[in-house]
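Hello,

Here is the structure I promised to pass on. Have a look at it first, and my notes follow below.

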Amino acid sequence: MKTIAIINQKGGTGKTTTAHAIGAGLALKGYSVLFVDLDAQQNLTYTMGASPKGKTIADLLQQSIEPEAGQELSTLDAIQHTRQGDIISSSPSLAAADTILAEVTGREYKLKEILAPVKKKYDYCIIDTPPTLGTLTINALTAAQETIAPAQAEIYSLIAIGQLYSTIATVKKYCNPGLIFKGILLTRYNGRAVISRDTADRIAAAAAQYGTKLFNTRIRECTAIKEAELTQQSIFEYSPRSNAAADYKALVNEILEQE
């Protein structure tokens with residue numbers, strides 16, 4: 001199972017949208033995909049129509065910290081099979097993860113341990129992370145083989161990428177030396193704006209400096225994305241001929257070409 005973490009500590013970059021679209025695009029190509037929602041806001045959980053009453057990643061993390069005799073919860077128990085695919089859903093209680101895991105030995109490896117029993121069951125695991133560089137994001141980077149960073153063509157995203165790279169470098173040094181920074185993905189992109197093109201060039205230069213790349217694919221601004229999320233559908237279901245569907249299909253192809 002190849003695990004890809006979608007990360008960016010800056011909000012509004014289309015992180016959840018990208019995680020959902022990449023997973024859905026891979027599924028359309030016949031790959032088996034497991035989604036993991038590590039964000040306490042539960043956006044991916046909602047979009048995929050997962051039940052809020054089911055077992056969650058928070059339950060699995062709690063089980064890994066304090067196993068209850070006779071009430072062991074397996075990873076398979078927490079996987080929900082929705083119309084859009086399989087997901088380990090999120091919980092609002094994840095907001096306290098940094099505090100709960102603070103004194104836990106090996107806390108960076110908890111998600112990797114949780115996913116280990118199902119690594120032969122799926123081709124891909126796509127992890128949506130919270131908009132922070134805290135313990136949950138560290139767990140995602142430790143469990144992943146690759147990471148992708150969605151970003152907008154703006155100066156604040158350029159600054160955030162520098163902070164993100166520092167975190168990735170630390171995880172590679174201490175927890176996951178094989179981690180690959182797959183690339184930076186421009187979202188909500190307006191190619192007609194000069195400032196967007198100029199900032200994209202600067203982000204591409206920064207990516208090269210950080211040993212990664214800017215994806216050739218750009219995800220254009222598209223209202224169909226929000227409409228698809230509202231109706232709990234993938235962009236490929238809701239509006240298969242939209243710019244966003246075309247762009248995310250191109251992204252999935254670009255990812256697979258690099259494999």
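**What I found**

The side chain of Gln 84 comes to 2.6 Å from the backbone oxygen of Gln 232, a polar contact (a pair of N or O atoms within 3.5 Å; within protein, one must be able to donate a hydrogen and the other to accept it, and residues adjacent in sequence count only if both atoms are side-chain atoms). Please keep in mind that this is a predicted model, where local features need pLDDT of at least 70, side-chain atom pairs count only at pLDDT 80 or more, and totals for chains, interfaces and linings use all residues. Residues are numbered from 1 along each chain as its sequence is written, and side-chain values use heavy atoms, with hydrogens and water left out.

Gln 84 sits in the loop between β3 (79-82) and β4 (85-88); strands are DSSP runs of E, at least two residues, and helices are runs of H or I, at least four, numbered from the N terminus. With a relative accessible area of 15%, Gln 84 is buried (under 20%; exposed is over 50%, partly exposed in between, with a 1.4 Å probe and protein chains only). Leaving aside residues up to four places away in sequence, its contacts include His 20, Phe 35 and Glu 237 (heavy atoms within 4.5 Å).

Helix α6 (residues 135-143) is mostly covered, with nine of its nine residues buried. Among them are Leu 136, Ile 138 and Asn 139.

Finally, Ile 155, Leu 158 and Ile 161 of α7 meet Thr 199, Arg 202, Ile 203 and Ala 206 of α8.

Best wishes
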